[in-house]
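Please examine the sequence and the structure shown below.

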Amino acid sequence: MTDKLPPSRPKAITRRQFLVATSASAAASYMLLNRPAWAVTSDMARAGDFGELDATAGDGIDLYLENRDLLIGGQPGQAIAINGSIPGPVIRMTEGKDALIRVHNRLPEATSIHWHGILLPFDMDGVPGISFAGIAAGETFTYRFPVRQNGSYWYHSHSGFQEQRGHYGQLIIDPAKPDPVDYDVEYSVVLSDWTFENPHTVFRNLKTIEGYYNFQRPTLANLDDQMQATGMTLGEVIEKRLSWQRMRMDPTDIADVTGATYTFLMNGKTADENPTFIAEPGQRVRLRIVNASAQTFYDIRIPGVPMTVVQADGQDTKPVETDEFRIAVAETYDVVVTMPDDKAYTLFAEAMDRSGFTRGTLAPREDMSAAIPEQRRRPMLTMADMGMMMKGGMEGMKDMKGMDHASMEKQMPHPTGDELPTENLVNRIEHGPDKHGPSSITMAQSAYRRLDYPGAGLGDDGWRVLTYSQLRALERPPLRRPPTREFDLHLTGNMHKFIWGFDGKKWSESDVIRFQYGERLRINMINDTMMSHPIHLHGMWMDLYAGGNLDTNPRKHTVNVQPSELLTVDITADAPGQWAFHCHLLYHMEAGMFRTVAVVRSLEGGSIDADA
Amino acid sequence: MLMPNARLTATIAATFLLSSPALGQDEPETADMPSTADRPDHQESARQHEGTSPPDLEIPPLPAGMTLDEVFDYADSEPPAHFPDPVPDDQLFAFVLFDQLEYRVTDDDQPDQLGWEIQGWAGGDLNRFWWKTEGESVFDGPNEGESETDLLYSRLIAPFWNVQTGVQYANEWNPDEYDDRWSYVLALQGMAPFQFELDHSLYVSEDGDVTFSVEGEYDLRITQRLVFQPRAGLAFAAQDIPERNIGSGMTGADLDLRLRYEVKREFAPYIGVRYHFLTGETEDIAAAAGDRTEQWYALAGFRFAF
């Protein structure tokens, strides 16, 4: 059982050790798969028993993908295991070297591995249908690319719903130069969500019965609860509920898939299994946290221990101390904590909709644990999530904080090759008439900057919560200049019918979004929906406008766009080829919240259909 | 029992309430700020930028064996034919909901009924084949009953509304007689503000008779699984239809209350009551023939989906 990494530096695994390990696991899984179904599960392997491999050492690594029954929280589940486990092994690389990974597909279906957040030639990006044809059953595909960055990332399947079944793992790239982060021990923390249902069934349930997994809806029975939580009178609560009903919206629609079917995992283990991270008092512990969930946003905290965020999406940030942060699906955060004393501390990861949690323990020894915090009340969406300026301007004024007069003027997207402003961007854009058709329900009256907003259900607990406005790049990233072109991209959806897309269209109805090679481009994302969407661009960085400037705004591979948020990213289109660009909520992506991006020589002529 | 006048007022109020689907969405307030309406999407933005030349950039690693020009050509082409779709976003689904499958017990010597209302669909997000069937047959008396089955093409025309068109097959039977007819159907089905589920259907029979029905229901959640559902179904005729004992105007209604427990989202046993009555000329026709013009039922059944 190794749910922890060796202290401080990667242990080199020799090819020989590795071959021995993988053949043993292959043999074991062969026996498992050929056992009758009634066989008892007592000797079935548990999820969470993963190792570590170095893909830039020696002559590369081998990954074996197979269907495997594993005990997940003690119950047998049909997982897709990578080298026998979920999560898959931690893959390490070293910046400046070449990575070599042979992926052996022993599944009865095609598969793929996408290296999330990694800059590489487009044919190595691992998106079936865009970068390559996929890896057919029984085939081996060799990934080879130069490693041009460092930090904490992850990898996962980009085929169908395989990610939901455990096809993911962490990817750590050690820097070529000395690491600016100071730490004594480091641990991988891979958060995920697991369902014993077939993911196709989950998708069908979402498509056919609205609110299928939401068992925290407004009811007569929780009227009193809402009154106590909000301090409103019965009349006010009823009035508020009626106003939501009038809009045909559910303010408790925080998560599409919930603890009603999900088992929440940390390194493949449930809260009961309590993965433990060993650290001596006074030691600085670096936690490399990735949210490999299909759908679940987690709120992470260690009661009694402040966390210093040192990296976001693999990029070094100016250290910022906080008590809690929300990690959107597909984001990675590195935090450093100092063990205060010889006691155990709970690393608590609570699902955003409060329908469940997972946890681990930071402790000086095995078999210790600390109190598990009580789960908080599930949040409800507010009128602010519809971009409404509150009466009296309270909410509006809060939004306008730090906004100067220049940005109050009408800033229109520039049609010429002029340089666009990079600071004090417009704070609020009014919603014109909705032109996005039946696939989009737009309740928002305006879209506005929410960089200071920690997210629904956070910020009122009396402790600090990280927001995007606090993220600052440690050093100015290269290739930054003011953008010369921009466009708006609406994040759209019909929550009632579970239709998701951009600008009211699914991928199969869309055309390719073209970037001109070498250009500096701005995308203003406008979230027309009432849900948060983690938007991921493959192959290129998104420089997030976080209220800073060209020197300090952070680079991200995944940006979380909150309800009614106006969120701006600038991109240097330096990666020729075709790339995926999508919402990283698995069921939104599979529903069509996905685009093909082509980095082309010139923007002349028309765009091609994505689904040709 | 409701008095005729109160009954009429109630039904008119219900009709008004149920028949006002707001197809449009709320218009935003205007304010002095940029509007999404004036801003370019990616195509407009690209058009405005035609002809600019890219700055020099250090060429990044390219796919093995490809030149930069070849990569650009690839980027501007459709994907190779053997590539799968990256996301299966145009999948078709099929769904069946037994909204009512119930036994109805009368409060007098009238025979009990077996009643059903089922609908299902197959298709994509916007375009679907939709079918609905409802009816009842006498359970502990002579073999008699009636049913209506609509076969429809359905299109999502607004976020909450489907327009549906197709045909209806309706039949009525008793030991002595079997009547049936085909009708053309135009329906508007969806969810109105305040989350009323509504289904309006206009029928033109093969004899040219025009009838209209509207059904509305509302789910009041008592707990996460216990749901109280009031429901109303009203029927109208545009003209007298003597062979069906129907007079023009509102012809009758069913007012139902059901209380279900969702063991699963797809399976909920329930109990309830139904008050069925005729109105207007249709009521007079029935009364003149000595038939009943109203009936109470206690009911129990299952709501399930697959």
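Which backbone oxygen does the side chain of A:Thr572 reach? In this predicted model, the side chain of A:Thr572 comes to 2.8 Å from the backbone oxygen of A:Leu479. A:Thr572 belongs to strand 31 of chain A, which spans residues 566-572. Its relative accessible area is 7%, so A:Thr572 is classed as buried, the limit being under 20%. A second polar contact of the A:Thr572 side chain is with the side chain of A:Arg520, also given as 2.8 Å. When residues up to four places away in sequence are left out, A:Thr572 touches A:Leu479, A:Arg481, A:Glu519, A:Arg520 and A:Met540.

An unreviewed UniProt entry carries the annotation "domain: Plastocyanin-like" for residues 73-176, 255-352 and 481-599 of chain A. Residues 73-176 of chain A are 42% strand and 0% helix, with end C-alpha atoms 39 Å apart. For residues 255-352 of chain A the figures are 53% strand and 0% helix, and the end C-alpha atoms lie 8 Å apart.

Salt bridges form the next topic. Side chains of opposite charge can pair when their charged atoms come close. Over all chains, the whole structure holds 53 salt bridges. One of them joins A:Asp184 and A:Arg284, whose closest N and O atoms are 3.2 Å apart. Because A:Asp184 sits in the loop between strand 9 (168-174) and strand 10 (185-195) of chain A, while A:Arg284 is in strand 13 (residues 284-291) of chain A, this pair ties together parts that are 100 residues apart in sequence. A:Asp184 has 27% relative accessibility and counts as partly exposed; A:Arg284, at 29%, counts as partly exposed.

Strand 13 of chain A also contains A:Arg288. A:Arg288 forms a salt bridge with A:Asp334, the closest N and O atoms being 3.3 Å apart. A:Asp334 lies in strand 18 (residues 332-338) of chain A, 46 residues from A:Arg288, and the pair links distant parts of the chain. Both A:Asp334 and A:Arg288 are buried.

A further salt bridge connects A:Asp313 with A:Lys556, with 3.3 Å between the closest N and O atoms. A:Asp313 is placed in the loop between strand 15 (307-312) and strand 16 (315-322) of chain A, and A:Lys556 in strand 29 (residues 555-556) of chain A, so the pair holds together parts 243 residues apart in sequence. A:Asp313 counts as buried because its relative accessibility is 0%, and A:Lys556 is likewise buried at 0%.

In chain B, salt bridges link B:Glu102, B:Arg104, B:Glu117, B:Glu136, B:Glu215, B:Glu217, B:Arg231, B:Asp254, B:Asp256, B:Arg258 and B:Arg274 into a network.

Why is helix 2 (residues 199-208) of chain A described as largely enclosed by the rest of the structure? The reason is that 7 of its 10 residues are buried. These buried residues are A:Pro199, A:Val202, A:Phe203, A:Asn205, A:Leu206, A:Lys207 and A:Thr208. Their cover includes strand 10, strand 24 (499-502) and helix 7 (586-590) of chain A, together with strand 1 (93-106) and strand 2 (113-123) of chain B. At the start of helix 2 of chain A, a side-chain oxygen of A:Asn198 comes within 2.8 Å of the backbone nitrogen of A:His200.

The contact between the two chains can now be considered as a whole. It brings 112 residues of chain A into contact with 88 residues of chain B. Between them the chains bury about 8,800 Å², of which 59% is on carbon and sulfur atoms. On the chain A side, A:Arg248, A:Glu430 and A:Arg601 lose the most area to chain B, together accounting for 10% of what that side buries.

Between chain A and chain B there are 5 salt bridges. B:Asp125 and A:Lys506 meet through their side chains in a salt bridge, at 2.9 Å from N to O. Strand 23 (residues 485-494) of chain A supplies the largest share of the side of chain A that touches chain B, with 6 residues. That side of chain A comprises 48 nonpolar, 35 polar and 29 charged residues.

Methods
Residues are numbered from 1 along each chain as its sequence is written. Chains are lettered from A and ligands numbered from 1 in the order in which they are written. This is a predicted model: local features need pLDDT of at least 70, side-chain atom pairs count only at pLDDT 80 or more; totals for chains, interfaces and linings use all residues. Side-chain values use heavy atoms; hydrogens and water are left out. Contact means heavy atoms within 4.5 Å. Buried area is the accessible area (1.4 Å probe) that two parts lose on being put together, summed over both. A salt bridge is a side-chain nitrogen of Lys or Arg within 4 Å of a carboxyl oxygen of Asp or Glu. Helices (H or I, at least four residues) and strands (E, at least two) are DSSP runs, numbered from the N terminus. Ala, Val, Leu, Ile, Met, Phe, Trp, Tyr, Cys and Pro count as nonpolar, Asp, Glu, Lys and Arg as charged, and the others, Gly among them, as polar. UniProt positions are given in the numbering used here, feature names are shortened, and annotations may be inferred rather than shown by experiment. Buried means under 20% relative accessible area, exposed over 50%, partly exposed in between (1.4 Å probe, protein chains only). A polar contact is a pair of N or O atoms within 3.5 Å; within protein, one must be able to donate a hydrogen and the other to accept it, and residues adjacent in sequence count only if both atoms are side-chain atoms.
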